[in-house]
Amino acid sequence: MPTEQPAPEPSPEPVHTPRPAPVPYGPEGIPAGDPAHDPAEAPFLGLLATGAPAGEYERPVLRARAEGASAGRLAALERAKLHALRVRAELEDRRRREAELSALHATAHDLAGLRDLDAVLRAIVRRARSLLGTEVAYLTLNDPSAGDTYMRVTDGSVSARFQQLRLGMGEGLGGLVAQTARPYVTDHYFHDERFRHTRTIDSGVQDEGLVAILGVPLMLGSGVIGVLFAADRRERVFEHGQIALLAAHAAHAAVALDTANLLAETRKTLTELETANEIIRDRSAAVERAADVHDRLTELVLRGGGVQDVAAAVAEVLDGEVEFTEPGGAPAGALGRSRADGHAVRDGADWVAAVGAGGEVLGALVLRGHPALDPVDRRTLERAAMVTSLLLLARRTAGEAEQRVRGELLDDLLNAADRDPRLLRERAARVGADLDAPHVVLAARPDAPPPGDAGSEDTGSHDSGSHDAGSHGADRRRLWSAASHLAATRRGLAAVRDGGAVLLLPLGPDGDPAHAAREAADRLGAALRLPVTVGASAPVAAPAARPAAVADAYAEAGRCREALRALGRTGQGAAAADFGFLGLLLADTRDVDGFVHRTLGPVTAYDARRGTELLRTLGAYFACGMSPARTKDALHVHVNTVAQRLDRVSRLLGPDWQSPARALEIQLALRLHQLSAAVAGDTGA
């Protein structure tokens, strides 16, 4: 039999329906749909005031459509209708919660006025059936002397056998509730293997025709005195709110059964109702606080505040530390979850709210050190993230002109090698670029995820047939946006070219083009949520002085990028030096000495320091087919000497130096070293 799993314990509060979706804002920071600014909401306010049914909310739209209203007017009415329906749903939810509280209050009042035990029991069961709207309700009481629980009173029952049932502790659903003091629920009792079925119990339940059953314990102190049930003769899923409601009713019923403490327990119930009212008042205060936050954020946007101003304002309201981070600086898992469901998510002791627009992630607002966040404060953080995205988009729009200037300048460098260097420097200075400093050219292109990758939201690349023209265009726009942003932050240039992006960036302090390529692949991939492959050129000393070198460097970067893709290394960044001897073919300049040094440098340096012949031994070893026996004959040394020298080579070049790929590179480097030495000898002669 599978492990018994109880239903979740009910919360003392009724289950709340989800809050309405966030109100959109107009270009002036004014809520769309505000009656003062949007007359489309006027007809729906009357419907809300009169409590009209949901179907009536379609009439203003139909009337306007029949009158030939404009598309803008119809769209405004549709938005107003949706807002009004959300408000109506919220009002109905509040009325339902008030009705439940009133029903519980009425139950407590009725039970307090009864003194006869049988009358109290009948009232308990009748009220339980009414509260949940079930076909049958019944109550069992524990018999400590017999060690079981027995049927005491029913309402809606038609079976005499069922009305005389006795359940052993742990038997059936009721016996399990009585034994564990926890509520249990099933939508089909006979198909539920969590319960210990007995012939007596199953016969009684079958005779009554019950299918869906909910049972909650009647508790006095820490002890169980019985079980209160609500059941239907058809399949039914009892919601958490209904479980909580029946549990609350059972609590009142247990109080009524304890006749010695009847008055004291009634006062306790009234206190609980007052607490519930206090919670409602607290919620109202929280809503007012949220409205204040909205006003502050609106004012901030109108006076031209920035992203950090938004973070500071929210930090003050939430009494915590709020920080805006770039996509790469936020926890990837939390950022992905927040972007997927559109809400702030918890990440350890922090909360993360994604900041994005369309399919692009712009960053995140992170509230630190605040593990407990109520729904209103969580909504405040989400609203701040939305305002932040608006500010970032506004800033991006303002910067698009500068991006176009940067792109045009890079296009001129690539297309017109005869441009006047002085004019190029002046144009670069206007966008904060220094074309007299060393730069690197990067060629980037997004790639599609592997086929069948369900975890990817974007499934296409510029070289794949899986995208239609619209998706290609969207990918190119997002790539252009991300590349331009990266170039602006690095004081470089960017342009869209040949189905990808080309960037001209200043070299970092390490002067390593491969590092720049890897960093660009990471940054662009995070922004696009697609693997982006990036190839890097050799350093370009001064692009303004030698514009033609930029075009050559772009061709080299493109070859490196395509080599990465051909090798299955999509989503990575590399320069020619990262490909070993292939880099000699990819690079625009054949850096033979650099390749030889990278491949054999440790060995040549060791020979120079120690006066050894490791390089000569290595050449003979490969010339003899990697046979130590033939190598010792060629060198006229003992085989142990060959072994010792090869062991030293392993320590200098790494244990995998004899693998096919490494051995090929080493042999090529040896041959190039020998040729270089021969050429140097001839030149000296």
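1. Is Thr186 buried or exposed? In this predicted model, Thr186 is buried, because its relative accessible area is 2% and the cut-off for buried is under 20%.

2. Thr186 has its place in strand 4. This strand, residues 184-186, is where confidence is highest in the protein, with a mean pLDDT of 94.

3. The surroundings of Thr186 can be listed. Leaving out residues up to four places away in sequence, Thr186 touches Leu173, Asp192, Arg194, Phe195, Val211, Ala212, Ile213 and Arg236. With one of these, Asp192, the side chain of Thr186 makes a polar contact of 2.9 Å.

4. Confidence over the whole protein should be read alongside this. The average pLDDT is 77, and 80% of the residues score at least 70. The lowest value among the elements belongs to helix 17 (residues 582-586), with a mean of 50.

5. The model has 3 cavities of 30 Å³ or more. The volume of the largest cavity is about 100 Å³. Its lining is made by 13 residues, and those nearest the centre are Tyr138, Leu167, Gly174, Ile201 and Val205.

6. Strand 1 (136-143), helix 6 (172-180) and helix 7 (199-208) each give two or more residues to the lining of the largest cavity. By class, that lining holds 11 nonpolar residues and 2 polar ones, with no charged residues.

Notes. Residues are numbered from 1 along each chain as its sequence is written. Side-chain values use heavy atoms; hydrogens and water are left out. pLDDT is the predictor's confidence in each residue, from 0 to 100. Helices (H or I, at least four residues) and strands (E, at least two) are DSSP runs, numbered from the N terminus. On a 1 Å grid over the protein atoms alone, a cavity is a set of points where a 1.4 Å probe fits but cannot get out, and a pocket is an open set with protein on both sides within 12 Å along at least five of seven lines; lining residues have an atom within 4 Å of a point. Grid points are joined across faces, edges and corners, and a volume is the space filled by probe spheres set on the points. Ala, Val, Leu, Ile, Met, Phe, Trp, Tyr, Cys and Pro count as nonpolar, Asp, Glu, Lys and Arg as charged, and the others, Gly among them, as polar. Buried means under 20% relative accessible area, exposed over 50%, partly exposed in between (1.4 Å probe, protein chains only). A polar contact is a pair of N or O atoms within 3.5 Å; within protein, one must be able to donate a hydrogen and the other to accept it, and residues adjacent in sequence count only if both atoms are side-chain atoms. Contact means heavy atoms within 4.5 Å.
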